[in-house]
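Here is a short briefing on a protein model. Look at the pocket first, then at the strands around it.

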Amino acid sequence: MKFAWIDIRSVEKNQREAVVDAAIHAGLAGFVDDRLELLATLPPTVQKVLLAAPDATLPPEAADVADIVLTAVRTTAELDKLKLVAAEAPARHGAFVDVVDDPSLRLACAAAQELEHTVVKFRDPTKIPLEIVIAAADKSPGRLICEAGDLEEAGIIVDVLEKGSDGLLLAPKDANDIFGLNSLLQSSTQDLELSTLTVESIEHNGLGDRVCVDTCTHFEKDEGILVGSYAHGFVLCVSETHPLPYMPTRPFRVNAGALHSYVMGADNRTNYLSELKAGSTVLGVTADGRTRRIVVGRVKLESRPLLTVRAKSDEGVEVSLTLQDDWHVRVLGPGATVLNCTELKPGDKLLGYIATDKRHVGWPVGEFCIEK
């Protein structure tokens, strides 16, 4: 779980109270300021981070008010001096490094490797320097915090090198930025408890429209997406990662099913396959229930012969999935067994997910609804 500090140095005075109240209500980790008297007004439930100049002499009350002191460092000598100070109380000290060139980048890497807290600010829009600092700090027990200019940049930062920095520093314009930042921090996907489904019947339907979901990622061999005709039950459709005769693999693609089908996304939201387009997101799911957010790069809808698989969970919940009627379209069974849909027969076991919610425009809702 990422954390965020709110930089209140540049927040307009008429917005400050609303920003502080929103951040506290959202449970954000702390606040950064260079005014000790302002930090002293904040409640004890948040971290109070004081930003100090390299040669600053802190007043005695700083020890009682500030939980963490960040010292701006510009040279190796200043970093060495800070490391000596931090050795006595590592959790109370950190560095703020403004990365503008290669020497300052190397300084940021050194700080991230040595200190408990390192905040980095990057002058240039490229994320390559951040990638370098993240890689340098990968084995360090300390926390790396990256300053974001706005919410859009914050969203990019959290995904750099598939892990992002440990924390974010944002100077919000108003309380709305706080709510947006909190949503961003909550966007990690939750693992799912998959169910074993037993095939009851296979029905060949004839011609219909099916959807291939081409994503911007490389699927693992035990990974796919959850698709189903009913909002309460899904089957784990595997990607085209596994070798096929007559054609190369497409490790980014899932031949997902008929266009009417639901596909599971993040935040317990579903979409129809027909609604997906470039830039949409779906939930990638492995055979052991691990999940991740996956971006769609393209959707291909074409007319093909279809078949419908009907199955039941151990609890008797009925699940239906309509797929392209072709041997190379596959689903996953227990133990990540790869199963060709045209070879399925009654009694075969599939992996799926049973949802207790009904759906309205993709969102879960507690209403009476029958699907069959």
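Helix 4 gives the largest share of the lining of the second largest pocket, four residues. The model is predicted: local features need pLDDT of at least 70, side-chain atom pairs count only at pLDDT 80 or more, and totals for chains, interfaces and linings use all residues. Residues are numbered from 1 along each chain as its sequence is written, and side-chain values use heavy atoms, without hydrogens and water.

**The pocket**

- The second largest pocket has a volume of about 220 Å³. (A pocket is an open set of points on a 1 Å grid over the protein atoms alone, where a 1.4 Å probe fits, with protein on both sides within 12 Å along at least five of seven lines; lining residues have an atom within 4 Å of a point. The volume is the space filled by probe spheres set on the points.)
- Its lining has 13 residues, and P54, A56, T71, L82 and V85 lie nearest the centre.
- Nine lining residues are nonpolar, two are polar and two are charged. (Ala, Val, Leu, Ile, Met, Phe, Trp, Tyr, Cys and Pro count as nonpolar, Asp, Glu, Lys and Arg as charged, the others, Gly among them, as polar.)
- Strand 4 (68-72) and helix 4 (76-86) each supply at least two lining residues. (Helices, H or I with at least four residues, and strands, E with at least two, are DSSP runs numbered from the N terminus.)

**The barrel**

- Eight strands close into a barrel in the order 1-2-3-4-5-6-7-8, with parallel pairing. (Strands pair if DSSP finds at least two bridges between them.)
- Strand 2 (residues 30-33) and strand 3 (residues 47-52) are joined by four bridges.
- F31 has K48 in strand 3 as its bridge partner.
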